[in-house]
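I am opening a notebook on this structure.

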Amino acid sequence: MSDIIIIGGGIAGLSAAARLSADARVIVLEQENALGYHASGRSAALFEQNYGLASTVALNKASAAYHHEANGGYLSPRGLLIVGREDEAEGFAADAEAMGVDEISTDEALRLVPILDPGQVAFAAYHAPAYDIDTDRMLQDFARELRRNGGQVLTSAPVTSISRIGESWEVTAGDQTHRAALLVNAAGAWADQVAQMAGVAPLGIIPHRRSMARLPAPEGHDVSRWPMFFGVGEAWYAKPDAGALLVSPSDKDPVEPHDAWADDMVLAEGLARYEAMVRVPVTRLLASWAGLRSFAADGSLVLGPDPDVPGFVWCAGQGGYGFQTAPAASQLVANLMMGRAPALSPEVVAQLRPDRLRA
């Protein structure tokens, strides 16, 4: 019997498992045959402290030292650029203020991303302290920490039933049944379904599709030093990736939990918005895919014990901020479960706890 069962082998589940494994016997159950298969494996992999709601920004800032220093650090310089048209002045100003970026000249923007169309770009703002995250290494390091502390990770272990027996949870996954005193729901897009399986009221966590296209480097440019660049209102974004360019329509259509794929029409519309701001047309795609970003109704992460069911803990609703918040979010979950005082302020903790969604 374990002390803690964690359902979900993405960054949320693995980071929480690693933190908890210092104090308890932990087992992670992942339905797929690999870790980080769904949302975690399809992340834009950017660390930008000012990105997200106030509660998310607090988690980002509390995670910064870990990202920069743990295990040699997981970050490499990228930078973030916002560009807008003449008719987008108001939206551009709002984005620049929200993201804490500094306005630069259009000439400077063109030096950063030389394919931008000078006839379209009227406004630009840049923030150098934005970084790529080595997401695969972070996942594997958390898994190694868990195993080093005696924990287990089981893949190809889809959960088919959850029962409360006395003071323990009994979870059947694959052909095995596991028992533990505490159950952590880190199931991403499936978080509400896991809760219902356990007899816990869902919190209204809804997955939203985010599509992505991989394009050849435009006109043979070396894109490796380009920043990640956004349209106003995050109507699209582009990010260098291993010699190619990732472009997303920034779609956020609510969907049922599933192994997501890109919607061709949504992708085409987003690529058109991107094309309108650059000089180089999109002539072919190297690949396309989609991931699921799961949100609670208020957009904040959901971290901590369920207010109504003892022993059931939420680590969900990451909404696309999973990697950048993982160090602080997992520490908060561990502190709450182990009865330690959180490092975050009481106001931020209240904005993250599931209690707020049951009021």
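How much space lies in the second largest pocket? I found about 430 Å³ there. This is a predicted model, in which local features need pLDDT of at least 70 and side-chain atom pairs count only at pLDDT 80 or more, while totals for chains, interfaces and linings use all residues. Residues are numbered from 1 along each chain as its sequence is written, and side-chain values use heavy atoms, with hydrogens and water left out.

**Entry: the pocket**

I noted the terms before going on. The search runs on a 1 Å grid over the protein atoms alone; a pocket is an open set of points with protein on both sides within 12 Å along at least five of seven lines, a cavity is a set of points where a 1.4 Å probe fits but cannot get out, and lining residues have an atom within 4 Å of a point. Points are joined across faces, edges and corners, and a volume is the space filled by probe spheres set on them.

I counted 17 lining residues for the second largest pocket, and Tyr 51, Gly 233, Glu 234, Lys 252 and Tyr 321 lie nearest its centre. The lining divides into seven nonpolar, five polar and five charged residues. Here Ala, Val, Leu, Ile, Met, Phe, Trp, Tyr, Cys and Pro count as nonpolar, Asp, Glu, Lys and Arg as charged, and the others, Gly among them, as polar. Helix 3 (89–99), strand 14 and strand 18 (287–295) each supply at least two lining residues. Helix 3 gives the most, with three. Helices (H or I, at least four residues) and strands (E, at least two) are DSSP runs, numbered from the N terminus.

**Entry: the largest cavity**

The whole structure has two cavities of 30 Å³ or more, and about 40 Å³ lies in the largest. Its lining is Ala 12, Ser 15, Leu 301, Cys 315, Gln 318, Gly 322, Thr 325, Ala 326, Ala 329 and Ser 330. Helix 1 and helix 8 are the elements that give two or more residues to this lining. The largest share, five residues, comes from helix 8. By type the lining has five nonpolar residues, five polar and no charged.

Ser 15 lies in helix 1, where 10 of 10 residues are buried.

The side chain of Ser 15 reaches the backbone oxygen of Ile 11 at 2.7 Å. I list this as a polar contact, a pair of N or O atoms within 3.5 Å; within protein, one must be able to donate a hydrogen and the other to accept it, and residues adjacent in sequence count only if both atoms are side-chain atoms. Not counting residues up to four places away in sequence, Ser 15 touches Phe 142, Ala 326 and Ser 330; contact means heavy atoms within 4.5 Å.

**Entry: the nonpolar cores**

A nonpolar core is a set of buried Ala, Val, Leu, Ile, Met, Phe, Trp, Tyr and Cys residues joined through side-chain atoms within 4.5 Å. In the largest, which has 46 residues, I find that Ile 6 and Leu 303 touch the most other members. Elements giving two or more residues to this core include strand 1 (2–7), helix 1 (11–20) and helix 8 (322–338). Helix 8 gives the largest share, nine residues. A second, separate core of 30 residues includes Ile 115, Ala 262, Leu 267 and Met 277.

**Entry: Asp 132**

Asp 132 is in strand 8 (residues 131–133). A polar contact of 2.8 Å joins its side chain to that of Arg 78. Beyond four places in sequence, the contacts of Asp 132 include Ala 45, Tyr 74 and Lys 239.

Most residues other than glycine have a negative phi. Ser 156 has a phi near 50°, and Ser 250 one of about 55°. Ser 156 is in the loop between strand 9 (152–154) and strand 10 (159–165), and is partly exposed at 46%. Ser 250 is in the loop between strand 16 (244–248) and strand 17 (253–254), and is buried at 7%.

Key:
Buried < 20%, exposed > 50% of the residue type's maximum accessible area, 1.4 Å probe, protein only.
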